[in-house]
Amino acid sequence: MPLKDIDDFLRSNESYILFPSATGIQRVDVCAVASNNPIEDQHWEGMVGKDGALFGVFDGHWDPTCGLTVERHLPAYIAASLRKNPKDATAALVDAFERLDKDLLDLPSRAIPDFDRLTPDQIRALPMDVRRRAMDVITAALTGSCAIMAYVKGSDLYVANAGDSRAVLGVRDKNGKWSALPLSEDHQPSNPTELERLKKEHPGEERTVAFKNRPDGPMRVIGGMMPSRAFGDAKYKWPMDVQAKTDALVQSLPAGKYPWRTPKYCKTPPYMTASPEITHHKLTSDDYFLVLASDGIFDCMTSLEVVEAVAQFYDGSDAAMTSPTGRPRNDPVRDANAATHLVRVALAQGEGQEGVSKMLTIQKGRSRDYRDDMTAQVITFAPGKKALGKKPPPPFVRDAPSVVERDETLRV
């Protein structure tokens, strides 16, 4: 793939967002490159109140439905929770995540009149058009999405994470040395803390609550999901009576279109949760930027390598960069967008332009076998203003929208 075509493709998927000076945010660079068709990653950047800034990356799975629903509604749920509880951002973020997931899990009752009183056989007997419409509604609950969000107000940075996307802070000390400060943990059963939580919540199911489907495979929640926290994924959360009714609905519709069935080892749900883990950090003059990114980036790079790549962008290096291990990282910086540069490095996987070309020209339908969707936000704080000032001006920018313009009501 010619270099110009690579540049044109990556830049067609980038954006620049400007925030009011009161937030302390200098600029937000975003880039999202699909592997799935359509892309299952979503992202959001906007204002909360007069001086709060909110950012999010939503990594969907099964199909884009849940990710799109979370992208549309979660910022407004957070804004509403912050209005009710302005002095406790941690509690507000947890409340917003949990309320939205509850509303998703309640969709069957809203999609089918008298759902709670109907039996599985009665659901199977409903008119086909009623069953199809109900299925369209509850797909937002059956599909799933990880979510990582950052809320910035003054020097306070809060990260709320449910899933295996990541937040990492790029820190530069007084001697000019860069380091990475992780602000999230991956919520997967391969994480000992998450595995222990699952075992405690499901006594007697230690062998099936999480296991590998093959010796060289990852640990999966009851043999299915890799993330142990996410929105939706209702087949890992609904009580068994609701499972029986939604199974009846799924089985009554054309085979193949609706793949969701109660997992084999689902005995005492819920096995997954959207309750987030919150990290609070006080920003300092050493904190240059924050990266939020889906696991498509971190499948290819460590958190330190992500910071190194963005630092290369900030420093304006005209030379190729290597990691401390000596692994080649990327060709010289050629992007005006920090997130685009980061995605380019992730695609290259140490092989420069040739590696990027290889990843972008995989035969249609096979891309997901080699990489995931990749979405990255790079949020530049005040210490990075000088570095940005040395960059060419962005070719286009848009102002951050206000979250109050978004829709909090989860409609059916």
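Select helix α2, residues 65-84: at 1.5 Å a residue, its 20 residues should span 28 Å, and the end C-alpha atoms are 29 Å apart, which agrees. The expected span is 1.5 Å times one less than the number of residues. Helices are DSSP runs (H or I, at least four residues), strands likewise (E, at least two), numbered from the N terminus.

This is a predicted model: local features need pLDDT of at least 70, side-chain atom pairs count only at pLDDT 80 or more, and totals for chains, interfaces and linings use all residues. Residues are numbered from 1 along each chain as its sequence is written, and side-chain values use heavy atoms, without hydrogens and water.

Stay on α2. Of its 20 residues, 15 are buried (under 20% relative accessible area; exposed is over 50%, partly exposed in between; 1.4 Å probe, protein chains only).

Next, show the open sheet. Seven strands run in the order β8-β7-β13-β16-β2-β1-β17, with mixed pairing (strands pair if DSSP finds at least two bridges between them). β8 (178-182) and β17 (398-399) are the edges; each has a single partner strand, so one side of each lacks a neighbour in the sheet. Zoom in on β7 (166-172) and β13 (287-293), antiparallel over six bridges. L169 has L290 in β13 as its bridge partner.

Now pick R334 and D7. Their side chains form a salt bridge, 2.7 Å from N to O (a side-chain nitrogen of Lys or Arg within 4 Å of a carboxyl oxygen of Asp or Glu). R334 sits in the loop between β15 and α11 and D7 in helix α1, so the pair ties together parts 327 residues apart in sequence. R334 is partly exposed at 38%; D7 is buried at 5%.
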